[in-house]
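I opened my notebook for a friendly walk through this model. Below are my entries, in the order in which I looked things up.

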Amino acid sequence: MKLFGLAGWSGSGKTTLLVQLVPELTGRGYGVSTLKHAHHDFDVDQPGKDSHRHRTAGATEVLVASANRWALMHELRGAREPTLADLVAKLSPVDLVLVEGFKRDPIPKLEIWRAENGEAPLFPDDPAIVALAADDPLPVALPARLRRFPLGAVADIATFILAHVGLPPHAP
């Protein structure tokens with residue numbers, strides 16, 4: 001599976017762009033999955049639900065299934081946090097995995113940057129960033145190695161991602 005990341009500071013618009021890219025890429029015939037790094041305190045389960053009761057009782061894994069979806073929750077219980085590679089290995093095969101977060105991992109990434117966040121761009125310190133999406137003037141010069149896109153250029157960004165990972169503009 002091909003991996004491509006979206007990196008940026010919190011509030012930069014990573015999720016907004018990702019949810020625009022998924023239908024653009026699936027509409028071109030590609031199978032796309034997403035993988036998101038979250039803060040340590042996130043929870044997909046709800047107190048009071050049976051699955052939550054199973055988990056808090058000490059189960060290492062709880063799988064919940066219905067006719068529409070299934071979800072597997074795995075408690076680390078003190079084990080190390082899985083790496084990006086560990087997590088990708090758990091996904092079913094698709095053409096492309098869009099990765100949100102994991103901004104320090106050495107996979108090709110598009111940085112989403114907004115001046116209003118008050119943070120410096122990541123690209124000067126991350127050679128894995130291959131493109132930038134921003135509408136604001138940058139506080140540092142953009143190296144020639146980076147392609148720049150307006151934040152709303154979803155189709156152009158999708159075409160760039162596909163080319164960068166070695167997939168044609170439309171699924172064969």
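**Entry 1**

I began with R77, which sits in the loop between β4 (70-74) and α3 (84-88). I take helices (H or I, at least four residues) and strands (E, at least two) as DSSP runs, numbered from the N terminus. This is a predicted model, in which local features need pLDDT of at least 70 and side-chain atom pairs count only at pLDDT 80 or more, while totals for chains, interfaces and linings use all residues. Residues are numbered from 1 along each chain as its sequence is written, and side-chain values use heavy atoms, with hydrogens and water left out.

R77 is not a glycine, yet its phi is positive, about 45 degrees. Is R77 buried or exposed, or partly exposed? I found a relative accessibility of 48%, so R77 counts as partly exposed. My cut-offs are under 20% relative accessible area for buried, over 50% for exposed and partly exposed in between (1.4 Å probe, protein chains only).

F102 is another non-glycine residue with a positive phi, near 50 degrees. I located F102 in the loop between β5 (96-100) and β6 (109-112). F102 counts as buried because its relative accessibility is 11%.

**Entry 1: the whole chain**

I listed four helices and eight strands in the protein chain. From the N terminus on, I read their order as β-α-β-α-β-β-α-β-β-β-β-α. The C-alpha trace spans about 55 × 40 × 25 Å along its principal axes. The protein chain has 172 residues, and 36% of them count as buried.

I also looked at contacts (heavy atoms within 4.5 Å). Among those in the protein chain with a separation of 6 or more, 52% join residues 24 or more positions apart.

**Entry 2**

Which strand order does the open sheet have? I traced its six strands as β2-β5-β1-β6-β7-β8, with parallel pairing. β2 (32-36) and β8 are at the edges with a single partner strand each, so one side of each has no neighbour in the sheet. From one strand to the next, the twist averages 25 degrees. I count two strands as paired if DSSP finds at least two bridges between them.

Looking at one pair, I found four bridges between β6 and β7 in the parallel sense. K109 has I129 in β7 as its bridge partner.

I then turned to β3 (residues 61-65), which pairs with β4 in the antiparallel sense over five bridges. V64 is bridged to A71 in β4.

α1 lies across β1, β2, β5 and β6, and runs at about 170 degrees to β5. Axes here are lines fitted to C-alpha atoms, for helices over the stretch in contact, and angles run from 0 to 180 degrees between N-to-C directions.

α4 lies across β1, β5, β6, β7 and β8, at about 135 degrees to β1. I checked the span of α4 (residues 154-165): at 1.5 Å a residue, its 12 residues should span 16 Å, and the end C-alpha atoms are 17 Å apart, which agrees. The expected span is 1.5 Å times one less than the number of residues.

Which residues of α4 are buried? I noted V154, I157, A158, F160, I161, L162 and V165. The buried residues of α4 pack against β1 (2-7), α1 (14-26), β5, β6, β7 (129-133) and β8 (147-149). My last stop was G166, which follows α4 and has a positive phi near 90 degrees.
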